Amino acid sequence: MKIVWLLLFLVSMGVAWILGYRARPQKEQQPRKMNVPKDYLIGLNFLLNEETDKAVDIFIKMLEVDSDTVETHLAVGKLFRRRGEVDRAIRIHQNLIARPQLEKVYRDQSLYELGQDYLSAGMHDRAERIFLELINTKPLSAQALQTLIDIYQQGKDWNNAIKTAEKYEAVTGQNMQPVIAHYYCELADVESVKKYYKTAQEYLNKAISADKSCVRASLTQSKILMDQEDYKSALRSLKKVKDQNPDYLSEAIDLLASCYEKLDEEDNLVVYLKQLLDEHPRVPVVLILAERIRKRKGDKVAASFVADYVRRYPSLRGLSIFINIYISNAEGRAKEDLQILQNLMKNLLANKPEYQCHSCGFSGKSLHWHCPGCKQWSTMMPVHGIAEEML
């Protein structure tokens, strides 16, 4: 397969040479005579002997670099890179850049492709230098800035990612503030791990300033406040989530309940959960509320409450809560049957994702603010409802 591809490459070189030959001015008095170049035959000999590196070098030297052939060079370089033969792609693009007569527009394009070669080879420092050179080149500035953002994200260089995202927004007009908010959250996470809470809070304030609907900032802020035993302030942060994006309520509800318990405000918790359930029906809210009802009014009332919810909002997780409540008071054959159903539900839910990206469909058991599949921010969300759970 490799030799076939290289033969096709050889043919493309030959065609390019022929086109270049025909494009040259010919003297009228002399008949046209086209001789196959000696280098072409030498290259063919190397190729047939599977000395592909030598063959490529010959063909690169053979093909003149001008406005008619530079596109061929660029296309061949891309083909090598896509095949994983990055060293050859680098040689081709370096050969182009080394030509002093090359027009600036082609030099910039060759430089961009060389940067992509370095990225593919894992040489991020070299790639970064090239794209920094290209950010002031208008036709390629947006592409160069986007690639730099990707480099800084991979390297967790969040400060440079913020600066570059701001430049990208200025060049393209695309709103980058929600992404920038995540970069500030990443910086806050680093400081929070080191217990530098003041610095972490400063980053989180910048995140919220960039994007008022940043759920991640509110959740991180509440955890820091809880670590400092400031439960009232933590509650205020957590209560923002339902207005920022109610799909993430499942991430806030356990923290909310914990804050109310620490403040010894169980009654206020129940009132708030009932209000929350009316506005945004979610299984985690039902789970915590059912447990409070169970403690106060018993299993039957709690089971009736959950059954009513499952009838209105069917879900496997809701049904699992219902079974778990009923099974504690069941006896004999009824309890055995419920245990069979309970085990079946556990097996079903064990294989179901709890989070899914609404952009690419990537799913898993953990929440990733930056989707591992499509590399977008805030696209992974908790799964809700039976339609999603059956996926």
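Biologist: Let's start with packing: at what angle do helix α5 and helix α6 pack, and how far apart are their axes?

Modeller: In this predicted model, helix α5, which covers residues 86-97, packs against helix α6, residues 104-120, at an angle of about 155°, and their axes are 9 Å apart. Angles over 145 degrees count as roughly antiparallel, so α5 is roughly antiparallel to α6.

Biologist: And is that crossing left-handed or right-handed?

Modeller: The crossing of α5 and α6 is left-handed.

Biologist: Which residues meet there, and how do they split by class?

Modeller: From α5 the contact takes in Val 86, Ala 89, Ile 90, His 93, Gln 94, Leu 96 and Ile 97, and these meet Arg 107, Ser 110, Leu 111, Glu 113, Leu 114, Asp 117, Tyr 118 and Ser 120 in α6. By class, the contact of α5 with α6 has eight nonpolar, four polar and three charged residues.

Biologist: What about α13 and α15, how do their axes cross?

Modeller: The axes of helix α13 (residues 231-238) and helix α15 (residues 249-262) come within 9 Å of each other and cross at roughly 150°. That angle makes α13 roughly antiparallel to α15, and α13 passes α15 in a left-handed crossing.

Biologist: Which side chains are involved, and what classes are they?

Modeller: On the α13 side there are Tyr 231, Ala 234, Leu 235 and Leu 238, which meet Ala 252, Leu 255, Leu 256, Cys 259, Tyr 260 and Lys 262 in α15. The residues of the contact of α13 with α15 divide into nine nonpolar, no polar and one charged.

Biologist: Switching topic, how many salt bridges does the structure hold?

Modeller: The structure holds 18 salt bridges. One of them joins Arg 294 to Asp 299, with the closest N and O atoms 2.6 Å apart.

Biologist: Are those two partners buried or exposed, or something in between?

Modeller: Arg 294 is partly exposed, with a relative accessible area of 25%, whereas Asp 299 counts as buried at 16% relative accessibility.

Biologist: Which residue does Lys 242 meet in a salt bridge, and how accessible is each partner?

Modeller: Lys 242 meets Asp 243 in a salt bridge between their side chains, at 3.5 Å from N to O. Lys 242 is buried, with a relative accessible area of 17%, while Asp 243 is exposed, with a relative accessible area of 62%.

Biologist: Where does the salt bridge between Asp 308 and Arg 312 lie?

Modeller: Both residues lie in helix α18 (residues 299-312), where they are four residues apart, about one turn of the helix, and the closest N and O atoms of this salt bridge are 3.4 Å apart. Asp 308 counts as partly exposed at 33% relative accessibility, and Arg 312 is partly exposed too, with a relative accessible area of 47%.

Biologist: Now Glu 191: where does it lie, and what does it touch?

Modeller: Glu 191 lies in helix α10, residues 177-193, and counts as buried at 13% relative accessibility. Not counting residues up to four places away in sequence, Glu 191 touches Tyr 196, Thr 199, Ala 200 and Tyr 203.

Biologist: And Ile 130, is it buried or exposed?

Modeller: Ile 130 is buried, with a relative accessible area of 7%, and has its place in helix α7, residues 124-134. Leaving out residues up to four places away in sequence, Ile 130 touches Leu 111, Leu 114, Gly 115 and Tyr 118. The C-alpha atoms of Ile 130 and Leu 148, which are 18 residues apart along the chain, are separated by 9.7 Å.

Biologist: Last topic, backbone: what is phi for Glu 229 and for Asp 264?

Modeller: Phi of Glu 229 is near 65°, a positive value in a residue other than glycine, and phi of Asp 264 is near 55°, also positive in a residue other than glycine.

Biologist: Where do they lie?

Modeller: Glu 229 lies in the loop between α12 (215-227) and α13 and counts as exposed at 60% relative accessibility. Asp 264 lies in the loop between α15 and α16 (266-279) and is exposed, with a relative accessible area of 66%.

Terms used
Residues are numbered from 1 along each chain as its sequence is written. This is a predicted model: local features need pLDDT of at least 70, side-chain atom pairs count only at pLDDT 80 or more; totals for chains, interfaces and linings use all residues. Side-chain values use heavy atoms; hydrogens and water are left out. Axes are lines fitted to C-alpha atoms, for helices over the stretch in contact, and angles run from 0 to 180 degrees between N-to-C directions. Helices (H or I, at least four residues) and strands (E, at least two) are DSSP runs, numbered from the N terminus. Angles under 35 degrees count as roughly parallel, over 145 as roughly antiparallel, 65 to 115 as roughly perpendicular and the rest as oblique. A crossing is left-handed if the near helix is turned anticlockwise from the far one by less than a right angle, and right-handed if clockwise. Contact means heavy atoms within 4.5 Å. Ala, Val, Leu, Ile, Met, Phe, Trp, Tyr, Cys and Pro count as nonpolar, Asp, Glu, Lys and Arg as charged, and the others, Gly among them, as polar. Buried means under 20% relative accessible area, exposed over 50%, partly exposed in between (1.4 Å probe, protein chains only). A salt bridge is a side-chain nitrogen of Lys or Arg within 4 Å of a carboxyl oxygen of Asp or Glu.
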